[in-house]
Amino acid sequence: MTEAWRPDDDERRGAIGPVRVRVPAKVNLHLGVGPLRRDGYHELNTIYHAISIYDELTARRGDTLALTMEGEGTGELALDDTNLVIRAAHALAGYAGVLPHARLHLRKQIPLAGGLAGGSADAAAALVACDALWGTGLSRDELAGIAADLGSDVPFLIYGGTALGTGRGEAISPVLARPTSWHWVVAIADGGLSTPTAYRELDRLRDSGAAGAPLGSTDALLGALRQRDPRVLARTIGNDLQDAALAMRPALADTLKAGEAAGALTGIVSGSGPTCVFLAANAADAERIAAELTAAGVCREARVAHGPVAGARVG
């Protein structure tokens, strides 16, 4: 993916005031999981889709590198060098040859370990924010190259929109389709699920013959995106990791049933779970489905969202 954006001379010198970056969550409209690779990752064929649930990262000048936060996961998420935000800042500083000095504050709405790539989103936000703060002047493609070493989903959150991910998910190609806004209901569960554990559970299910048939090509889904009809799109969405998530958290089956009973066109587990996402015919239906899911008590919270939206952006 190539973006013509380049900072002007003032931006290259770095921001004087705080830099605020908003970054979206992602869902996988298609998540095909292939065999385990030599590097310990699975071969993936996925369609990423950025939706309008956001985290916000603010970067200010400082004498050291420090991270504070509020919102989802406060008190649970480590704020030291193991945090992807801190790792991303160090990676950018090392690449650009600058001192990793910044005061970073994260306002988090994307749930932890929810299958929505919240940690990856925050890493993408850190790369974009620190690039602006330090005036390193990198292109989106250069930032995505750094992002690939931080996590499989991080490059996509630099770009956003809808994109094909291959390799372990880090190789990104844009999906070209006529502009359409798809309407989603996001059912957030209590607690999270470990992504590595979900992949191991899928391997176990496949070895025992208990997993469903693997997803095939993305062609049908890509065609559905071009048709702009949510009912057509609903027939093409799928996730190979859903079997693993349901085995680890059987109550998610009740969430999926409740969403479809409320009129969702389809529902799937998002990524490795436990968040479930439902496609609605329109914005009004999404609001109604979210209300019914909340009333049914099958999730901690149900939010409406739309997509695709842009990736990490200053503003």
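**Close-up views of a predicted model**

**View 1. Ser120 lies in helix α3.** The model is predicted. Ser120 has 12% relative accessibility, so this residue counts as buried, the cut-off being under 20%. Leaving aside neighbours within four places in sequence, Ser120 is in contact with Leu84, Asp153, Val154 and Leu157.

**View 2. Gly119 also has its place in helix α3.** Gly119 counts as partly exposed, at 36% relative accessibility. Beyond residues up to four places away in sequence, Gly119 touches Leu84 and Lys108.

**View 3. An unreviewed UniProt entry lists a "binding site" that includes Gly119 and Ser120.** Other residues in that record include Pro111, Gly114 and Ala121. From this set, the lining of the largest pocket takes in Pro111, Leu112, Ala113, Gly114, Gly115, Leu116, Ala117, Gly118, Gly119 and Ser120.

**View 4. Helix α2 covers residues 84-96.** At 1.5 Å a residue, its 13 residues should span 18 Å. The end C-alpha atoms are 18 Å apart, which agrees. Asn83 caps the N-terminal end: a side-chain oxygen lies 2.8 Å from the backbone nitrogen of Val85. Just after α2, Gly97 takes a positive phi of about 70°.

**View 5. Helix α2 has buried residues, among them Leu84, Ile86 and Leu92.** The buried residues of α2 pack against strands β2 (42-60), β3 (65-71) and β4 (102-108). They also pack against helices α3 (118-134) and α4 (140-148).

**View 6. Leu233 sits in helix α8 (residues 230-234).** Leu233 is buried, with a relative accessible area of 0%. Not counting residues up to four places away in sequence, Leu233 touches Trp182, Leu221, Ala224, Leu225 and Leu279. Leu233 and Glu56 are 30 Å apart, C-alpha to C-alpha.

Technical notes
Residues numbered from 1 in each chain as written. Predicted model: local features only at pLDDT ≥ 70, side-chain atom pairs only at ≥ 80, totals over all residues. Heavy atoms only, no water. Helix = DSSP H or I, 4+ residues; strand = E, 2+ residues; numbered from the N terminus. Expected span 1.5 Å × (residues − 1). Buried < 20%, exposed > 50% of the residue type's maximum accessible area, 1.4 Å probe, protein only. Contact = heavy atoms within 4.5 Å. Polar contact = N/O pair within 3.5 Å; in protein donor to acceptor, adjacent residues only side chain to side chain. UniProt positions renumbered as here; feature names shortened; annotations may be inferred. 1 Å grid on protein atoms, 1.4 Å probe; cavity = no way out; pocket = protein on both sides within 12 Å on 5 of 7 lines; lining within 4 Å.
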